[in-house]
Amino acid sequence: MNFDLVIYGATGFTGRLATQYLMNSEKCNGLRIAIAGRDAKKLEALSQTCTNKPSILIADSSRPESIEAMVKQTKVVLNFAGPFSLYGEPVIAACAKWGVDYLDITGETPFINDMIRLYQDQAIASGARLIPFSGFDSIPADLTVYLALNAAHEHHLQLDELSLYYQIKGGLNGGTLASALHMAENSDKNRLQNASNLTPDWSWPHFSPPTYKPQYESLSSRWTVPFFMDAINKTVVRRSAWLRTQQNQDSKFFQYQERMVMSKRFGYWKAWLAIGFLAGFGFLSSNAVGRNLLKRLGPKPGEGPSIEERQQGFFRGRLVCCYQNVCKLIVSMERQGDPGNEITTVLACESALLAIENAFVTSLTGFLTPSIAFGDNLITRLEKNGFQFKIETQG
């Protein structure tokens, strides 16, 4: 095996950030890392921006044999080449076949549902750990719920409703926009909104649908609106809960929702404006004319926020955990940095480093979630890289 890690899709916007995050620091010391993609000139140009030079591999998802040759050379693949439903299957298929651990930053739940159906059995047989959703989609949701369930078990608390409240500041890169528009065009809306999409046991009770109106959150005295990643993260949280049962861990059913918090000044009216924006994006992305308009106006693949904009961003998440409408726990997670770019880079790269170290906390193989794969090891790693976590029990 020639490499510990191959970063595939390295010349895209987030792939470049990930390559520079690893290769311009001591994190790559002692590791054999390669960057991979289809354009040798772009890969070489990226390598020139790195203090520690990665190896270069040419691989193209339109030529599955080149992907398989890439995968056979490494212990771990970290995939940034989206939209994943367009370019991801050959990489997942090769990793499942050859027992290579895989991570990506997709939020395309219908696509991962298809991949589980096609490659789960093969991945289990080969021993591959396949861990999608290893970026801002959906590690903050996955880890805060993980911490809440563990704290509830430790303190003998019952929980029946978990609500994650987000405060974020950040920008959009072209790859994320392209993935969102491709998913809107090609995915069945019912599949996308179905929180059981990644849960094989259809006998589980279903989550309640989101409330598409402003809601007042009394603990923070703020108005809130539905968070735009609610459907994605809800599906991942539900799969983690189901995987806990496969390890004989307690995971009683709970309702889960995500909301975005408005600032206090004119919060009610800002909430309605935010809902209008989400509705407008949903309408435009649902038809060809609207999608073309968004493509023309939005960032192109490979483009994204400047370093100053990324550094000025932030994420704060507050998971309010209740039983019979009484708050029992609050779990907080936060970090400075643009969520979709800076924070996603750190989340994905630190998860990949754990995979290289074989720092898994489960014997399960096949398609896992970040919390099931790495558990407390991921929390410890993130705390060393700028993330703050806090658990508060309530009276």
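Modeller: Met70 is in contact (heavy atoms within 4.5 Å) with Val6, Tyr8, Ala36, Leu57, Ala59 and Val91, once its neighbours within four places in sequence are left aside. This is a predicted model, in which local features need pLDDT of at least 70 and side-chain atom pairs count only at pLDDT 80 or more, while totals for chains, interfaces and linings use all residues. Residues are numbered from 1 along each chain as its sequence is written, and side-chain values use heavy atoms, with hydrogens and water left out.

Met70 and Tyr256 have the most contacts inside the largest nonpolar core, which has 111 residues. Apart from it lies another core, of six residues, including Tyr165, Val261, Cys322 and Ile330. A nonpolar core here is a set of buried Ala, Val, Leu, Ile, Met, Phe, Trp, Tyr and Cys residues joined through side-chain atoms within 4.5 Å. Buried means under 20% relative accessible area, exposed over 50%, and partly exposed in between, with a 1.4 Å probe and protein chains only. In soluble globular proteins, nonpolar side chains tend to be buried together.

The helices come next; helices (H or I, at least four residues) and strands (E, at least two) are DSSP runs, numbered from the N terminus. Helix 5 (residues 89-98) packs against helix 6 (residues 109-126) at an angle of about 20°, and their axes are 7 Å apart. Helix 5 is therefore roughly parallel to helix 6, and their crossing is right-handed. Axes are lines fitted to C-alpha atoms, for helices over the stretch in contact, and angles run from 0 to 180 degrees between N-to-C directions. Angles under 35 degrees count as roughly parallel, over 145 as roughly antiparallel, 65 to 115 as roughly perpendicular and the rest as oblique. A crossing is right-handed if the near helix is turned clockwise from the far one by less than a right angle, and left-handed if anticlockwise. From helix 5, Glu89, Ile92, Ala93, Cys95, Ala96, Lys97 and Trp98 take part in the contact, and from helix 6, Phe111, Ile112, Met115, Leu118, Tyr119, Gln122, Ala123 and Ser126. By class, this contact of helix 5 with helix 6 has 11 nonpolar, two polar and two charged residues. Ala, Val, Leu, Ile, Met, Phe, Trp, Tyr, Cys and Pro count as nonpolar, Asp, Glu, Lys and Arg as charged, and the others, Gly among them, as polar.

Helix 16 has two helix partners to consider. With helix 14 (residues 339-356), helix 16 (residues 376-383) makes an angle of about 125°, with the axes 10 Å apart, and the two are therefore oblique to each other. This crossing is right-handed. Leu347, Glu350, Ser351, Leu353 and Leu354 of helix 14 meet Asn377, Leu378, Arg381 and Leu382 of helix 16. Five nonpolar, two polar and two charged residues make up this contact of helix 14 with helix 16.

Helix 7 packs on helix 16 at about 115°, with an axis separation of 11 Å, and passes helix 16 in a left-handed crossing. Here Ile139, Leu143, Tyr146 and Leu147 of helix 7 meet Asp376, Leu378, Ile379 and Leu382 of helix 16. Seven of the residues in this contact of helix 7 with helix 16 are nonpolar, none is polar and one is charged.

Leu382 is also among the residues that Met333 touches, together with Pro140, Thr144, Phe315, Arg316, Gly317, Phe387, Gln388 and Phe389, not counting residues up to four places away in sequence. Met333 lies in strand 12 and, at 1% relative accessibility, counts as buried.

The peptide bond from Asp137 to Ser138 is cis, with omega near 10°, and Ser138 lies in the loop between strand 6 (129-131) and helix 7 (139-154). A cis bond also runs from Gly82 to Pro83, with omega near -5°; Pro83 lies between strand 4 (74-79) and helix 4 (84-87). Asn325, in the loop between strand 11 (314-323) and strand 12 (326-336), has a positive phi near 70° although it is not a glycine. With a relative accessible area of 70%, Asn325 is exposed.
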